[in-house]
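Trainee: Please take one part of this model and go through it closely. I would like the contacts described in order, with the numbers attached.

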Amino acid sequence: MPVIEIRDVWFSYRPDLEPALRGVSLTFERRTSVAVIGRNGGGKTTLMKHLNGLLRPTRGSVLLDGKDIAGRSVASIAHQVALSFQNPDDQLFSRSVRAEVAFGPRNLGLPEDRIERNVEHALGLLDLSDVAEVNPADLSFSLRKRVAVASAVAMDTDVLVLDEPTTGQDARGVELLERLVADRLAEGKTVITVTHDMDFVARNFERVIVISGGVVRADGTPEAVFSEEGALREAEVEAPLPLRLARGLGWSHCPLTQEAFIQQLADETRASGA
Amino acid sequence: MRVQELYVPGASFGHRLTPVTKLVAAIAALSVVFVYPWPWASACVLAALTGIAFAWGIGRKMVRIVFLGVLPYVLMLLVMQSLFHPGAGRVLLDLRWVSVKADGLRYAIETSLRILAMVAVFVVVQLVTRSADAMVDLEARGLSPKATYLVVTTLNILPSLIGKADAILDAQRSRGLETEGRLLTRARSLLSLIGPLVVGAINEVQERAIALELRGFGHGGRRTLLGRPQAQPFEGKLRLALWVLTAAGIVWRVVLWLL
Amino acid sequence: MGFDGCRNCLEGGPLALVEVENLSFSYGPGLPAVVRNVSFALETGTVTGVVGESGAGKTTLALILAGIIPRAIPGELHGSVRLGGRDLSQVPVQDLARRVGLVLQNPFNQMTGIATTVFDEVAFGPQNLGWCEEVIRAKVDQALARLNISHLRDRNPLELSGGEQQRVAIASILVMEPELILLDEPTSQLDPVGTGHIFDIVSDLKAGRSTLVIIEHKVERLAEVCDRILLMSNGQLLDDGIPSAVLGRADIQTLGVRRLFYASVADVLRRLGYAQGELGTYSETLQALKEAARRARH
């Protein structure tokens with residue numbers, strides 16, 4: 001059974017406005033990594049907010065573990081779906097990073113020893129152990145963002161939704177996020193990320209969903225989706241750089257990541273030289 | 001989506017008045033509420049404002065904000081005041097002391113009506129005035145840019161905070177914060193909502209102050225004004241009449257006090 | 001162009017030459033220096049990228065170059081910053097906005113909060129500079145067109161998306177035509193197409209001889225448009241050179257910056273026996289790869 005199912009969801013912020021989501025149907029399985037891409041204003045964040053009940057469909061339904069979430073409070077859904085937002089400053093308020101990261105699990109009513117374990121694990125994953133006792137307000141933006149993500153991770157939910165975790169992040173921050181995705185998958189969780197970083201997508205996600213105009217334009221593996229030029233153009237999204245370069249060279253097999261490109265370049269050049 | 005101000009577009013008489021005239025009217029109304037030595041002044045002002053609001057097409061919104069939004073708090077205040085007003089102590093003992101109770105209660109009602117009337121004045125003015133227009137008008141009359149900015153943003157603070165509070169609420173609910181249910185649960189959730197709000201508001205102010213600096217604001221020199229609202233011919237006389245109304249109240253009060 | 005009788009509207013072209021010498025700054029006595037002994041010089045009409053890990057001091061450097069530090073943000077500032085030969089601390093505060101423009105990271109906090117339309121928002125700066133009305137109207141419309149936001153002219157700036165706000169913020173600074181333009185992560189909120197727009201604008205400005213400094217993490221984009229890259233780490237200036245060299249450093253990943261993909265491609269070509277120079281742009285790389293493929297076939 002899929003962990004989340006979205007059935008023909010329509011959503012308008014106000015009755016007189018154009019629908020932000022138009023008949024979207026998607027299922028999400030366990031132990032998968034999904035990247036949601038598309039131009040700003042196309043419906044990505046609106047869709048994410050439906051996953052944990054912050055927004056309710058105008059029409060259609062959202063099912064969690066096969067059961068409709070209508071009637072359940074956001075706080076109760078948070079036991080299964082943790083959502084981390086773009087702006088860390090909308091949520092940070094504790095005196096220390098540790099307290100901040102513990103906030104989520106504590107709200108869920110987890111036993112103390114489990115809270116401690118989850119917090120330590122999350123701090124380690126996001127490399128925040130050195131600043132665990134520092135006040136988040138005193139940290140740089142990139143670090144504050146990591147604290148916000150850690151706070152969602154510590155909830156150890158079946159589904160982790162990250163809304164633009166890479167914006168404003170330096171290289172180290174992106175590295176840590178990659179490690180995080182791998183860790184969550186290893187634990188059997190589902191990770192759904194909204195992002196603009198195509199290299200990040202190509203390296204870490206097995207499934208890519210392209211959304212624009214409130215509609216799913218493409219849905220499949222990165223290889224498949226990044227070949228759908230029409231959908232990409234519609235959603236104002238570009239394929240990752242290595243892929244574009246490979247296409248420019250007329251390669252038959254197109255590598256998605258920088259590493260794959262380098263490897264293939266070495267192989268192909270040696271091959272043609274032979 | 002964040003809400004900046006209470007302004008509701010329209011073309012009523014109120015909309016067409018220049019901001020300064022509306023401010024003068026507000027001052028006159030407030031003087032009637034606070035200075036005029038007439039017990040039911042506030043109630044009349046409140047009733048008049050409600051009528052005016054409907055005439056200007058902003059009635060529903062005004063009623064919603066003033067009566068549904070602010071009234072509950074004012075009622076709480078009313079209850080507390082009538083309980084703690086000196087002499088009200090005797091109320092609890094015996095219903096025979098009705099006159100004493102009436103005094104305390106009457107005082108509480110008067111104060112509550114004053115507060116409601118005052119809020120209504122601000123709300124009505126904001127509903128028909130664009131803050132940008134207000135700024136231009138005030139500046140054109142000589143108020144310094146910094147002072148006008150302060151006035152206008154103070155008026156706008158509440159809607160902006162409400163907008164921010166929504167985003168914070170979303171974020172904290174997503175972290176399992178229970179916001180429905182028992183009052184005690186809701187009280188406990190307050191810190192996680194107020195914390196980011198206050199810090200965020202302070203940061204916003206600081207960053208915005210820098211942004212204003214970077215746009216050359218507040219360093220004297222002539223500031224070009226675009227699109228100054230045009231005053232209608234009768235407005236000068238209207239304002240004079242309003243000032244007279246205000247002054248009359250003050251004089252009346254002073255005379256009574258001297259006698 | 002005839003805007004006679006308007007002495008407040010300066011018409012001269014940009015003439016900035018930025019010289020920074022031994023610049024150090026800390027927020028207070030006893031606090032660690034956030035910028036440590038930084039020295040560099042920028043030529044007029046160049047685009048310089050600034051990269052480094054979060055907390056390396058990049059934004060602080062931008063605030064100093066814009067004169068915000070130490071005027072609006074106090075602290076201990078040592079060393080000197082000269083703009084067009086003149087010490088920045090000697091520039092009267094009223095002239096500062098006309099000479100240096102800075103667009104910060106969070107677009108929402110750069111909206112004035114009192115403008116109800118994007119037009120008014122962008123006009124705010126020129127109004128403060130005392131320009132005359134016709135000039136303001138013309139320049140604002142120009143700035144809006146340049147940032148592709150003319151269609152947002154009558155919208156409320158506080159109701160726009162982050163990406164739209166960022167473009168409004170940039171327009172609000174560009175409209176004042178400063179000699180030195182500093183952009184702090186201008187594309188952080190933007191999707192790839194929006195990012196492309198901003199970098200196109202940067203190219204335009206470069207063609208118009210403006211001097212630009214861009215703080216960014218997107219190294220390939222920077223390499224396309226920058227003449228020079230400053231690499232900061234822990235408050236210090238570690239490197240200063242052409243994009244392919246600085247962004248191609250072997251150790252750059254440890255300094256919090258992604259390594260330029262084109263540099264990795266150049267590495268491979270060299271390993272395969274081709275005498276390959278530095279590669280800094282998409283077209284150079286494509287060219288080099290096609291060349292290598294051609295040679296490999298013979």
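Mentor: Domain 1 of chain C and domain 2 of chain C bury about 830 Å² between them, and carbon and sulfur atoms give 52% of that area. On the side of domain 1 of chain C, Glu224(C), Ser244(C) and Arg259(C) supply 60% of the area buried against domain 2 of chain C, more than any other three residues. The model is predicted, and totals for interfaces use all residues.

The domain assignment of chain C places domain 1 at 4-259 and domain 2 at 260-298. Each side brings 11 residues to the contact. The C-alpha centres of these two domains of chain C are 34 Å apart.

As for the polar part, 6 residue pairs are in polar contact between domain 1 of chain C and domain 2 of chain C, with both residues at pLDDT 80 or more. The side of domain 1 of chain C that touches domain 2 of chain C draws at least two residues each from helix H8 (219-225) and helix H9 (243-246) of chain C. H8(C) has the largest share of that side, 4 residues. By class, this side of domain 1 of chain C holds 5 nonpolar, 2 polar and 4 charged residues. The rule finds 1 salt bridge across the interface of the two domains of chain C. Arg259(C) forms a salt bridge with Asp267(C), with 3.0 Å between the closest N and O atoms.

Chain C also meets chain A. About 2800 Å² is buried between chain C and chain A, with 63% from carbon and sulfur atoms. This contact involves 34 residues of chain C and 35 residues of chain A. The rule finds 3 salt bridges across the interface of chain C and chain A. Asp199(A) and Arg258(C) meet through their side chains in a salt bridge at 3.5 Å, N to O. Between chain C and chain A, 5 residue pairs are in polar contact, both residues being at pLDDT 80 or more. On the side of chain C that touches chain A, two or more residues come from each of helix H7 (192-207), H8, helix H10 (261-271) and helix H11 (282-297) of chain C. H11(C) gives the most to that side, with 7 residues. The side of chain C that touches chain A comprises 15 nonpolar, 10 polar and 9 charged residues.

Within chain C, the side chains of Glu179(C) and Arg99(C) form a salt bridge at 3.3 Å, N to O. Glu179(C) is in the loop between helix H6 (162-174) and strand S7 (180-184) of chain C, and Arg99(C) is in helix H3 (residues 93-99) of chain C, so the pair ties together parts 80 residues apart in sequence. Glu179(C) and Arg99(C) are both buried.

One more place in chain C is the loop between strand S6 (100-103) and helix H4 (118-128), where Thr117(C) sits. Thr117(C) counts as buried because its relative accessibility is 17%, under the 20% cut-off. Its side chain reaches the backbone nitrogen of Asp120(C) at 3.1 Å. Leaving out residues up to four places away in sequence, Thr117(C) touches Arg153(C), Asp154(C), Arg155(C) and Pro157(C). Two of these, Asp154(C) and Arg153(C), form a salt bridge in which the closest N and O atoms are 4.0 Å apart. Asp154(C) is exposed at a relative accessible area of 60%, whereas Arg153(C) is partly exposed at 29%.

Methods. Residues are numbered from 1 along each chain as its sequence is written. Chains are lettered from A and ligands numbered from 1 in the order in which they are written. This is a predicted model: local features need pLDDT of at least 70, side-chain atom pairs count only at pLDDT 80 or more; totals for chains, interfaces and linings use all residues. Side-chain values use heavy atoms; hydrogens and water are left out. Buried means under 20% relative accessible area, exposed over 50%, partly exposed in between (1.4 Å probe, protein chains only). A polar contact is a pair of N or O atoms within 3.5 Å; within protein, one must be able to donate a hydrogen and the other to accept it, and residues adjacent in sequence count only if both atoms are side-chain atoms. Contact means heavy atoms within 4.5 Å. Domain bounds come from an automatic or database domain assignment. Buried area is the accessible area (1.4 Å probe) that two parts lose on being put together, summed over both. Ala, Val, Leu, Ile, Met, Phe, Trp, Tyr, Cys and Pro count as nonpolar, Asp, Glu, Lys and Arg as charged, and the others, Gly among them, as polar.
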